[in-house]
Structure formats: structure tokens, C-alpha cells
Amino acid sequence: MCEAVGSDDLPCPGTGDDALMSDDAGPLPTAPRLAEWVRTLPALAADAVASSDITKPHVYIQVRASPQQLGVIRSHLNDWIGRIGATRELAQDMVLAVDEAASNAVEHAYPDGPGTLTLFAGCDRSGQTTHVIVSDTGTWRPPPVDPGFRGRGLAMMGLLASLFELCSTPNGTTIVLGWPVAD
Amino acid sequence: MDSDDANWLQWTVEADHFVTVVHISGEVDLATRMEFTAALRRGLDSPSRVVVIDLTQVSFLSSVGLRALVLTHQEAHRTDRVLRVVDGSTVVRRIFEVTGLGELLVLFPTVDEATAHLPPVVS
């Protein structure tokens, strides 16, 4: 169920920059990079990206996994949410859940040094469902038996999103969040 | 702190003998949690019996902010103080609702309501 598709350990381009790429202008410049990233993802996340319509507003960015980038991630997400016309209630839940996903990567994925995290957000071709994917290439450590507040962050994602899957492989951790788009 | 930065947090304190109000504005996340904890600590360091944490101008609060609030609530309880939280913005209200912490913390819609009905001073 939770299996990595492909085992290529792809280098993240330009890891020295905080905001490495931010491109939702159209399919042509994004598509090859996106395809390369998708090959590193577990099946559920790869399917979610494959079903997304990248001719429509979407987000695909890589940032340094640092606390200072969380505001940047929320800002990109809020811009996108504004463009897809989500309700304010849905927007709040999306931003809260995605911040928890990204915070988890920032806090736990790279205990030994710097790393990057990737954010993708898009609507599927039917226009019915949105998916947000947060992935890192670090090491997942399961929460302790009494998960405390880290567990609360994970539980929050489950409560805030209609779909919440966390998948960890030796290549990194991927979180898939999904919401139906309100009529 | 530069308010043009994506991650920023500012706070001010109003205090008298009966009540201390810590007004906080900005976003509470992993980047600003130390500053948030410092603001809550300043509230607890006051001699007032009632400490009000005013989140009216907080536009975002993640689980790290909740953790700090719960720890502050517990410490206030241990030291016979009353912690009241003003949960102005809808995103802050939403996180309290989702986590159920709105039942643990004592929430008020406005600072005026949080500072009304102060408990009697125990001599």
C-alpha cells in the first residue's frame, strides 16, 4: 500500500536557495521537473499528481526545510486557494493541515543537516478534488508511544483533511492531503 | 522584528494589580514559537491573578502554539492564577475547535469580556 515507485535518489536542484522554484504558469516548463519528482513518490502521491490538471492554477515549489520557509509555503498556498475559489472554511483547514505537514518535515526529516521539502497543490481534471502533497527526502522517525503534541499535529491533519495519508520509505516521507471542492 | 518578513510576531503587555493583558499579533508557527513562548512567559511573570492572552491579531496558529498555550495554562493553574484566552480570529478559533482544546482553555471573544468579572483577590 505504501510503496515507493522508483528508487532513484534524485538530487534537489539548487539547494543553496531558499525558494528554489515557483512555477505555476503553465505545463511546459513545469512538466519535465514534475515528472522527475513524481518518479520519487509513493504510488498514492504519484497518482494524485498525475490526476491533477497543471494547465489550471497549481503550486509546485521546493524550499529549504527551515522554520522560516513555513510562512513562504502558507503564502504560496493562500495565493493558490484564492485562485481556485475555495471557501474561507476550506482555506483555513487547508492552510492549517499543510503547515502541520511541512512543520513535521522541518522538525523531523533532517536531524543531521539541511534538506529540502517539496510542495505540490492542484485540482484534478474533473475539478472536484484538490490534492496537496508535501514530501521530503529525509528520515522518518515514528512518534513515541505517547505521541504528545507531535501526535497532535498528525492527528490534526486527519481531522482537517478529507484524505490524509503519510507514507515513509528509505527515500523520504510523503504526506498526501485531499479535499473535495465545495459546490 | 521586520514585519515585512513572512514570519513575524509582536507583542505588548498591559498590566495592573488585578489583570495582565498580553496582546499578541502576527503568526505563530515553528519560526516564531520562541517569541510566542516569551510573550506567554511575560504574562505569567506578572503578579496579577488574571492573565489574558489576546490572540485577536494572530492570523495563524499551529500546533506548536497550542502546545505553548497548554503549558502556560498548566503553569497558571499550578501557581493559582487564571489564564484567559481571547481567540479573535476565525483560524485560531478553528484550531481550538478541531483539537478540542477550546474546552480546556478558557476562551473569550473579546478582551473586554476576558477582563470583566475578575475573581476576588484572596487576602
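B:Glu97 and B:Arg94 both belong to helix H3 (residues 90-99) of chain B, where they stand three residues apart, about one turn of the helix. The model described here is a predicted one. The side chains of B:Glu97 and B:Arg94 meet in a salt bridge, with 2.7 Å from N to O.

### Salt bridges

Over all chains, a search of the whole structure finds eleven salt bridges. Side chains of opposite charge can pair when their charged atoms come close.

| Salt bridge | N to O distance |
|---|---|
| B:Glu97 and B:Arg94 | 2.7 Å |
| A:Arg74 and B:Asp29 | 2.8 Å |
| B:Arg33 and A:Glu107 | 3.4 Å |
| B:Arg41 and B:Asp45 | 3.5 Å |

The pair of A:Arg74 and B:Asp29, with side chains meeting at 2.8 Å from N to O, crosses between chains: A:Arg74 is in helix H3 of chain A, and B:Asp29 is in the loop between S2 and helix H1 (33-44) of chain B. Both A:Arg74 and B:Asp29 are buried.

The salt bridge between B:Arg41 and B:Asp45 has its closest N and O atoms 3.5 Å apart. B:Arg41 is partly exposed, at a relative accessible area of 37%. B:Asp45 counts as exposed, at 52% relative accessibility. The category of B:Asp45 follows from its value because exposed residues are those over 50%.

### Contact between chain A and chain B

How many residues does each chain bring to the contact? Chain A provides 22 residues and chain B provides 21 residues. Between them, the two chains bury about 1800 Å², of which 63% is on carbon and sulfur atoms.

Which helices of chain A each supply at least two residues of the side that touches chain B? They are helix H3 (70-84), helix H4 (88-108) and helix H5 (148-160) of chain A. H4(A) gives the most to this side of chain A, with ten residues. By residue class, the side of chain A that touches chain B divides into ten nonpolar, five polar and seven charged residues.

### Aromatic cluster in chain A

The search of the whole structure finds two aromatic pairs over all chains. A:Trp37 and A:Tyr60 form a tilted pair, at 5.4 Å centre to centre and with 40° between the planes. This pair links distant parts of the chain, with A:Trp37 in helix H1 (residues 27-38) of chain A and A:Tyr60 in strand S2 (residues 59-64) of chain A, 23 residues apart. A:Trp37 is buried, at a relative accessible area of 6%, and A:Tyr60 likewise counts as buried, at 3% relative accessibility.

A:Trp37 also pairs with A:Phe120 in a tilted arrangement, at 6.2 Å centre to centre and with 40° between the planes. Here again distant parts of the chain are linked: A:Trp37 lies in helix H1 of chain A and A:Phe120 in strand S3 (residues 116-123) of chain A, 83 residues apart. Both A:Trp37 and A:Phe120 are buried. A:Trp37, A:Tyr60 and A:Phe120 form one aromatic cluster.

### B:His17 in a loop of chain B

Where is B:His17 placed? This residue is in the loop between strand S1 (9-15) and strand S2 (19-28) of chain B. Is B:His17 buried or exposed? B:His17 counts as exposed, at 55% relative accessibility. With its neighbours within four places in sequence left aside, B:His17 is in contact with B:Ser48 and B:Arg49. The C-alpha atoms of B:His17 and B:Ala76 are separated by 16 Å, the two residues being 59 residues apart along the chain.

Conventions: Residues numbered from 1 in each chain as written. Chains lettered and ligands numbered in written order. Predicted model: local features only at pLDDT ≥ 70, side-chain atom pairs only at ≥ 80, totals over all residues. Heavy atoms only, no water. Contact = heavy atoms within 4.5 Å. Buried area = accessible area lost by both parts, 1.4 Å probe. Salt bridge = Lys/Arg side-chain N within 4 Å of Asp/Glu carboxyl O. Helix = DSSP H or I, 4+ residues; strand = E, 2+ residues; numbered from the N terminus. Nonpolar A, V, L, I, M, F, W, Y, C, P; charged D, E, K, R; others polar. Phe/Tyr/Trp six-rings, centres within 6.5 Å; stacked < 30°, edge-to-face > 60°. Buried < 20%, exposed > 50% of the residue type's maximum accessible area, 1.4 Å probe, protein only.
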